[in-house]
Amino acid sequence: MKKIILFIASLLSLTQARADEGMWTIYNLPPQVYEIMQNEGFSMTYNDLYYGDTALKNAVVNFSGYCSGVVVSPNGLVFTNHHCGFEAIRSHSTVEHDYMLNGFYAKSYEEELPNENMFVSFMVDQVDVTDRLNAMGLADLDPFLQEALIDSLTNVLSDSVKRIDKTLHVDIDPFYQGNRYYATTYQDFTDLRLVFTVPKSMGKFGGETDNWMWPRQTCDFSVFRIYADPKTNGPAAYSEDNVPYHPKRWAQVSMQGYREGDFAMTIGYPGSTQRYLSSYGIKEMRDVDNTVRAQVRGVKQEVMLRHMNASEAVRIKYDSKYAQSSNYWKNAIGMNKCIDSIGIISQKAAYEEKIQQWMDETGNYKDKLNFRKLKRLYTQNYEPAYAFNNLYESFFRNSELFNRARKSISGMGLDIQGPDTKPNKQYYVFEDNSEEWDEALDKEVLAVMMKNYAEHVDQKYWPDFYKEIKTKFNNNYTAYVDYLYNKSLLMKTGKKIYFNKKKFKKDPGLKFGQDVQTLIYSLYGEMATNAVEISEQEKCLCDAVVRMEQDQPHYSDANFTMRLSYGQVGEYLLNGHPSGYYTTAESIVEKMDKASENVEYEAEPIMRELLSAKDFGPYTDKTTGKMQLCFLTNNDITGGNSGSPMFNGKGELIGLAFDGNWDSLSSDIFFDKQLARCIGVDIRFVLYMMDKWGHTDRLLKEINAK
């Protein structure tokens, strides 16, 4: 999460910015920020942090495009969160060999499990290319042509680095709401294998009860290994001949722990923040995005959970999907609570009055930034945006029928067979993928979503199939869904679908998908013009803030590029009382004892035994004499930072970030230094579980913690 504008209620000016908040790009880390880091206990040189093969940044990876991770051994071991490895663990699980339930340890290289569509990406370099794009006329183009120009330069730069090393590529991303553009060079490794995971009872201990909450005792980690070409030590597609990767840099794992007030730093890939967002944008986020997400997913998840609890096979299929859905369901609820309790919208509006006053006094942005216009644009977009979000949350990625309908409409991902010269004889086949979904759950979710959508969205925004539900099925959504699954060719697994024949054009499943897609495009078109103008206004607002406060360092909103955040280990006031900055083995045993009251505190007997030990040996904290499980820092994080390494001032690994706290779930738009905390799993807890439960002697020797 990023901190650009501090909203402090009554004691401090709203224009004050703190240099110790924010997610900073490392290649151009402001000198003021680096100096503060040194004053707070950071002892590495800037060169050791960023430049050269041995720079600390080279130990940090983008984990599969949705999380972060850290390399911890000379043989390419990677630590990330358990929930980041969730889908890989689930995909290897069966009822007979349930790695999600029972955990997994590969006792040799040969037993390490490959994973499709997973990767780690190393950031090699980053540079500002804004001036180059402006010289090419970027500012004079409409948004679509701007995108084409950026893609063109991306290809030029990628071709350039590939001449040096064919395994490199370049991405260009917007920063500061599109006021700047940075080109980042990456190297991707696509042979990533699962090495170790604790059982779900520990990797997701506390479940949704404890999600986003403090205190936490979750052992949220999993271990993977990067494999490389045996000849070049570079990226290679999966092959049995590949060998463990030997990285340029790996993080030294520390057994020395931390104390309150110690310097702490995360480096990772935060996904998205909107701290420059206007008060009108925040209101839309609360009323349109979060409210809809919380309501729709709450209804959907009730159905999913009921089916999952009734069948182990269904649970294995949907564990990952449920976790992904519920994580930001609870986040949306918590964020809205914080927006209202802190009064963020009114505070942001007051700050915008200060910006307006500065504009009036200086003449800056007089003809560019117009708050009244911005309010009008958001107001005009409210109704279609509300319908759009409901439609997306209700139907997209929620049913196999709609997934297949979308593929049939777009042709994306389909293997077209038959003669090229005879379109009417061309066909495709949906192969059996029943290991990925359950028909009973799928059908009930779709029926419930149809009903819920109709109950919450104005009838003028209903897809056309609702007419058929009313006239032919007497508003019986279950009957309509049964009809679709029974009659649609899309659900006839293994059957040839001749998509160019007139008969298929009338397929009820296809028509259902087309009706949803048609409405999506209609709503998108209704919002498009205003959306472009809103984007331009928000871009100007960001630029105005940076210019008005040009004597202070400012960071860009997160966009899943590498960022550094720093701060200290420390507690906060939780419900008026000190929260404590770490949890202990005793506290998880206390929760395990309450498993009869809350199933999410259940764990295997061996876990209770291990965590009830009287002596934790080298994993005991030397200061407190306790086995510490999780701890708090005030590092600035958001989604995507999951799995980010937490370093001490020497650049040694002391933990893995895995969550934020409930009291500051509005941090994506407003960072409250008093409340916002990063929750991390203590690396000694990680090693203890690997040692005493997993007996992973070969891995512990490889990691060589000190």
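A: Start with one side chain: D515 is buried, its relative accessible area being 10%. Buried means under 20% relative accessible area, exposed over 50%, and partly exposed in between (1.4 Å probe, protein chains only). The model is predicted, so local features need pLDDT of at least 70 and side-chain atom pairs pLDDT 80 or more, while totals for chains, interfaces and linings use all residues. Residues are numbered from 1 along each chain as its sequence is written, and side-chain values use heavy atoms, leaving out hydrogens and water.

Q: Which residue forms a salt bridge with D515?

A: A salt bridge is a side-chain nitrogen of Lys or Arg within 4 Å of a carboxyl oxygen of Asp or Glu. For D515 the partner is K511, with the closest N and O atoms 3.1 Å apart. K511 is partly exposed at 36% relative accessibility. Helices (H or I, at least four residues) and strands (E, at least two) are DSSP runs, numbered from the N terminus.

Q: Where do the partners E383 and K460 lie in the chain?

A: E383 and K460 form a salt bridge whose closest N and O atoms are 2.9 Å apart. This pair links distant parts of the chain, 77 residues apart: E383 is in helix α12 (residues 371-395), and K460 is in the loop between α14 (439-456) and α15 (465-473). E383 is partly exposed at 41% relative accessible area, whereas K460 counts as exposed at 52%.

Q: Are R286 and D287 buried or exposed?

A: Both R286 and D287 are buried. Their side chains meet in a salt bridge, 2.7 Å from N to O.

Q: How many salt bridges are there by this rule?

A: The count comes to 35. Some residues are linked in a network of salt bridges: D98, K200, E312, R315 and D319.

Q: Which strands does β1 join?

A: Two strands pair if DSSP finds at least two bridges between them. Strand β1 (residues 60-63) has V60 and N62 pointing one way and V61 and F63 the other way, all of them buried. Antiparallel to β1 runs β2 (residues 67-71), joined to it by 4 bridges, and V60 stands opposite V70 there. Their hairpin has 3 residues between the strands, and in it S64 takes a positive phi near 60 degrees. Strand β6 (residues 120-128) is also antiparallel to β1, with 3 bridges; here N62 stands opposite S121.
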